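I opened my notebook to look up a few things in this structure, one entry at a time. Follow along with the model beside you.

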Amino acid sequence: MAGLLKALVSASEKAADIARLCRHEEPLFQLLVAEKTGADKNRRFLQDFKTLADVLIQEVIKHDLGTEFPELQGHIGGEESNEFTNAQGETVAVRVCGTVGETAALLGSVLAPEQAAAELLAAAAHRDAVLGDAALDGVALSILPGDLAIWIDPIDSTNEYIGGREDVAPVDGISPSGLCSALVLIGAYDRRSGCPVLGVINEPFFRRDPLTHRWQGRYHWGVAYQDTRLCSLSPPPPPRPPPRVVLSRAEGPGVRAALDPLCGGRLRFAAGAGYKMLCVILGLADAYVLSEGSTFAWDACAPHAILRALGGGTVALAEALRARRVGDTGPPPELLYNRPAEGVVGAERWANRGGLVAYVHPQHLEAVLGALVAVPGL
């Protein structure tokens, strides 16, 4: 397991390098956008984009993990189709080839005539990340990679990544929007149970270097397997009232009205499901509530694993409220990652239907469920 965790972190670092490279080349970046259509379109957004960075990052992670751990091949899923449409209207299946030159030629068919850019991206796809995290070497667990499967969100909060805003002022440490909410998410779950056991969140745009003005990133990881709980972050402080809850700006008025008194007027808003879950992980918020099924397995798997490592979790909101309404006081049902929905196609097969609540302290979860149990329509 130590080797797999290290591989996930290394893959996230390589992914972050590619994300920064694409943003750094601004004229090129404008060429790297293709609109999602059909079954791949996230119905929440009028315009939901995928970028070449999205596709390439996902394929790099699949390639690297599948090469090092062949038993994972066929069990690595992600948000993106690997098909990208170039300026000539041709469909190209993006993948990592055997050599830098072959990958550059493939990417060149997407980016033509920008061959120099294709070569930069290909070099980044084949360049190994250098890790200096001694804590990773000390992680020893008995779980086999062949028992796991992987969910990847190559760039969570793609709209914020495309927009690239750097001037958004944080509110109590939480950025309402902007480039900082664009994250790389890699989560591993148990194939049989669907329970998340390993998670890595990478922040490619954490801060700019004061001397070079280039972006610097950071990452966080967590392990929650059987009785083992390990995390790169310190345990959370004791809970304190009132709880701070972070929401999407698209959240409905009924949920807002129910939670505002609980929070003493401290509702906060942010973009990106992964970023809002990260705010809970970092202690900037006590809970993230979403009442709609507009997040997906790849959004939640990695942060859910880290939350579990910290003693918290991510529950299925609608199921938890139904249980409370019939007097069930047991542990609320957690999200699982191995059960596609029936009767739908494309991304909707993996939607977290009925919403979610991400939390660290069970007291905050119970307070949120108590406030929402009487909201009509939930």
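**Entry 1: a pair of strands**

I began with β6 and β7, which pair in the antiparallel sense over 7 bridges. I count two strands as paired if DSSP finds at least two bridges between them. Strands (E, at least two residues) and helices (H or I, at least four) are DSSP runs, numbered from the N terminus. Across this pair, I found D156 opposite L183 in β7.

**Entry 2: ground rules**

I am reading a predicted model, where local features need pLDDT of at least 70, side-chain atom pairs count only at pLDDT 80 or more, and totals for chains, interfaces and linings use all residues. Residues are numbered from 1 along each chain as its sequence is written, and side-chain values use heavy atoms, leaving out hydrogens and water.

I checked the confidence next: pLDDT is the predictor's confidence in each residue, from 0 to 100. The chain has a mean pLDDT of 90, and 93% of its residues reach 70 or more. Over residues 43-49, pLDDT stays under 50, and the model has 24 contacts there beyond four places in sequence. A contact means heavy atoms within 4.5 Å. I noted a reminder for myself: where pLDDT is low, the predicted coordinates should not be read in detail.

**Entry 3: more on β7**

Is strand β7 mostly covered or mostly open? I found 8 of the 8 residues of β7 (183-190) buried. Buried means under 20% relative accessible area, exposed means over 50%, and partly exposed is in between (1.4 Å probe, protein chains only). L183, L185, G187 and Y189 point one way from β7, while V184, I186, A188 and D190 point the other way.

On to the next partner: 6 bridges join β7 to β8 (residues 196-208), and the two run antiparallel. I186 has V200 in β8 as its bridge partner. The two strands form a hairpin with 5 residues between them, and G194 in the turn has a positive phi of about 80°.

I then traced the open sheet of 6 strands, in the order β3-β6-β7-β8-β9-β10, and its pairing is mixed. Which strands are at the edges? They are β3 (76-78) and β10 (228-231), each pairing on one side only. Neighbouring strands of the sheet are turned by 15° against each other on average, direction ignored. For such angles, axes are lines fitted to C-alpha atoms, for helices over the stretch in contact, and angles run from 0 to 180 degrees between N-to-C directions.

β3 and β6 pair in the parallel sense over 3 bridges, and the partner of G77 in β6 is W151. Helix α3 (residues 52-68) packs on the sheet and touches β3, β6 and β7, with its direction at about 155° to that of β6. Helix α9 also packs on the sheet, touching β6, β7, β8 and β9 (215-225), and its direction makes about 75° with that of β7.

**Entry 4: aromatic rings**

Rings of Phe, Tyr and Trp (its six-membered ring) pair if their centres lie within 6.5 Å; planes under 30 degrees apart count as stacked, over 60 as edge-to-face and the rest as tilted. How many aromatic pairs are there? I get 7 aromatic pairs by this rule. W151 and W350 have ring centres 4.8 Å apart and planes at 65°, so this pair is edge-to-face. W151 lies in β6 and W350 in the loop between α11 (317-325) and β15 (356-359), so the pair ties together parts 199 residues apart in sequence. Both W151 and W350 are buried. W151, Y189, F296, W298, Y337 and W350 form one aromatic cluster.

**Entry 5: cysteines**

My search for disulfides, pairs of cysteine sulfur atoms within 2.5 Å, found 0 in the whole structure. C301 is in no disulfide either, as the nearest cysteine sulfur, that of C195, is 9.1 Å away.

Most residues other than glycine have a negative phi, and most peptide bonds are trans. I still found a cis bond joining P241 and P242, with omega about -15°. D172 has a positive phi of about 55° and is partly exposed, at 49% relative accessible area. H213 has a positive phi near 65°; this residue lies in the loop between β8 and β9 and is exposed, at 52%.
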